[in-house]
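Please look over the sequence and the model shown here before reading the notes that follow. They are grouped by topic for a reader who is new to this structure.

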Amino acid sequence: MTTVAPDTGVGPLLRSWRERRRISQLELALRADSSARHISFIETGRSRPSEEMVLRLAGHLDVPVRERNALLVVAGYAPRYTETALDDPAMGALREGMDRLLRGYDPYPAFVVDGLYTVVAANQGMTRMLDGVAEHLLTPPLNAMRLTLHPDGLAPRIRNLREWRADLLAQMERQIALVRSAELRALYEEVAGYPVSAEAAEVEAEGDADRAAPSSSVPFALPLMIEHGGRLLSFVASIATFNTPMDVTVAELAIETLLPADAATATYLRSLIC
């Protein structure tokens, strides 16, 4: 994934991150064991930060790993974090661990995506959900956003497509604000421009009527309501990332799981493997 090349120095970029995090110069200085005056000098270009200071400030500002490398390069230093391909032998233990986790979650859907929502691993529970998806969307590399929102993908079967689509697009917008990726921006513009098919609109209207009916259950998170095998399934999604990643590839991996939101969904999914 290519990061948009910055056209400013490291100082203005650090200031941008600080303002994005809504942290004052004084607060950042206290966290980084520095002074507000020194932070000000760095941000205005009057002082060149050391490599250690760039990394320290980036850490306190929770800057993504890829962007930390970009800050270092702009400041005149070499990138600190490697970017190892997932199929590299050095990633063997990581791949094995993710595969074990995905298998353990079956029959419930689970998959792993990279920073561009490319599906790099998935379990059988997720594969089952793709029944009926057009072949052109199933040609590798698979993309989770395209699979979900494309009119030839899962979208026509999603009962609450309007809500789920808005949530996914908002998620992408938050990510774009962090990583400044041209590829991610292009993907966002593509999927945001997908039309909602007449079939999906009709299904969603039926879902609106269903949700308008009195119910004793209150959703504890926005559910994904999707038809499969003539049944209406309900899931809530969770996303897990790796703690303190030291590699760009690992930093951008996300393990996404779909947890049954009701007993009927769980029972149906378990029946598929009996």
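## Helix packing and the sheet

The axes of helix H4 (residues 51-60) and helix H5 (residues 65-74) come within 10 Å of each other and cross at roughly 150°, where axes are lines fitted to C-alpha atoms, for helices over the stretch in contact, and angles run from 0 to 180 degrees between N-to-C directions. H4 and H5 are therefore roughly antiparallel to each other, a term for angles over 145 degrees, while those under 35 count as roughly parallel, 65 to 115 as roughly perpendicular and the rest as oblique. This is a predicted model, in which local features need pLDDT of at least 70 and side-chain atom pairs count only at pLDDT 80 or more, whereas totals for chains, interfaces and linings use all residues. Residues are numbered from 1 along each chain as its sequence is written, and side-chain values use heavy atoms, with hydrogens and water left out.

**The protein as a whole**

- The secondary structure comes to 13 helices and five strands; helices (H or I, at least four residues) and strands (E, at least two) are DSSP runs, numbered from the N terminus.
- Of the 274 residues of the protein, 44% count as buried, where buried means under 20% relative accessible area, exposed over 50% and partly exposed in between, with a 1.4 Å probe and protein chains only.
- Among contacts between residues at least 6 apart in sequence, 59% join residues at least 24 apart, a contact meaning heavy atoms within 4.5 Å.

**H4 against H5**

- On the H4 side the contact is made by Glu51, Val54, Leu55, Ala58 and Gly59, and on the H5 side by Arg68, Leu71 and Leu72.
- The residues of this contact of H4 with H5 divide into five nonpolar, one polar and two charged, with Ala, Val, Leu, Ile, Met, Phe, Trp, Tyr, Cys and Pro counted as nonpolar, Asp, Glu, Lys and Arg as charged, and the others, Gly among them, as polar.

**H5 and its surroundings**

- Eight of the ten residues of H5 are buried, so H5 is largely enclosed by the rest of the structure.
- The buried residues of H5 are Val65, Arg66, Glu67, Arg68, Asn69, Ala70, Leu71 and Leu72, and they pack against helix H1 (10-20), H4, helix H9 (161-179) and helix H12 (248-251).
- H1 and H5 pack at an angle of about 150°, with their axes 9 Å apart, and they are therefore roughly antiparallel to each other.
- In that packing, Val10, Leu13, Leu14 and Trp17 of H1 meet Glu67, Leu71 and Val74 of H5.
- By class, the contact of H1 with H5 has six nonpolar residues, no polar ones and one charged.
- Just after H5, Gly76 takes a positive phi of about 95°.

**The five-stranded sheet**

- An open sheet of five strands has the order S2-S1-S5-S4-S3, with antiparallel pairing, two strands being paired if DSSP finds at least two bridges between them.
- Strand S2 (119-122) and S3 stand at the edges, each with a single partner strand, so one side of each is left without a neighbour in the sheet.
- The twist averages 30° from one strand to the next.
- Helix H13 (residues 263-271) packs on the sheet, where H13 touches S3, S4 and S5, and its direction makes about 95° with that of S4.

**Strand pairings**

- Strand S5 (residues 254-260) is mostly covered, with six of its seven residues buried.
- Strand S1 (residues 110-113) runs antiparallel to S5 and is joined to S5 by four bridges; in S5, the bridge partner of Phe111 is Glu256, and that of Ala110 is Thr257.
- Strand S4 (residues 231-240) also runs antiparallel to S5, through six bridges, and Ser238 stands opposite Thr257 in S5.
- Strand S3 (residues 224-228) pairs with S4 in the antiparallel sense over five bridges, and the partner of His228 in S4 is Arg231.
- The hairpin of S3 and S4 has two residues between the strands, and Gly229 takes a positive phi near 60° there.
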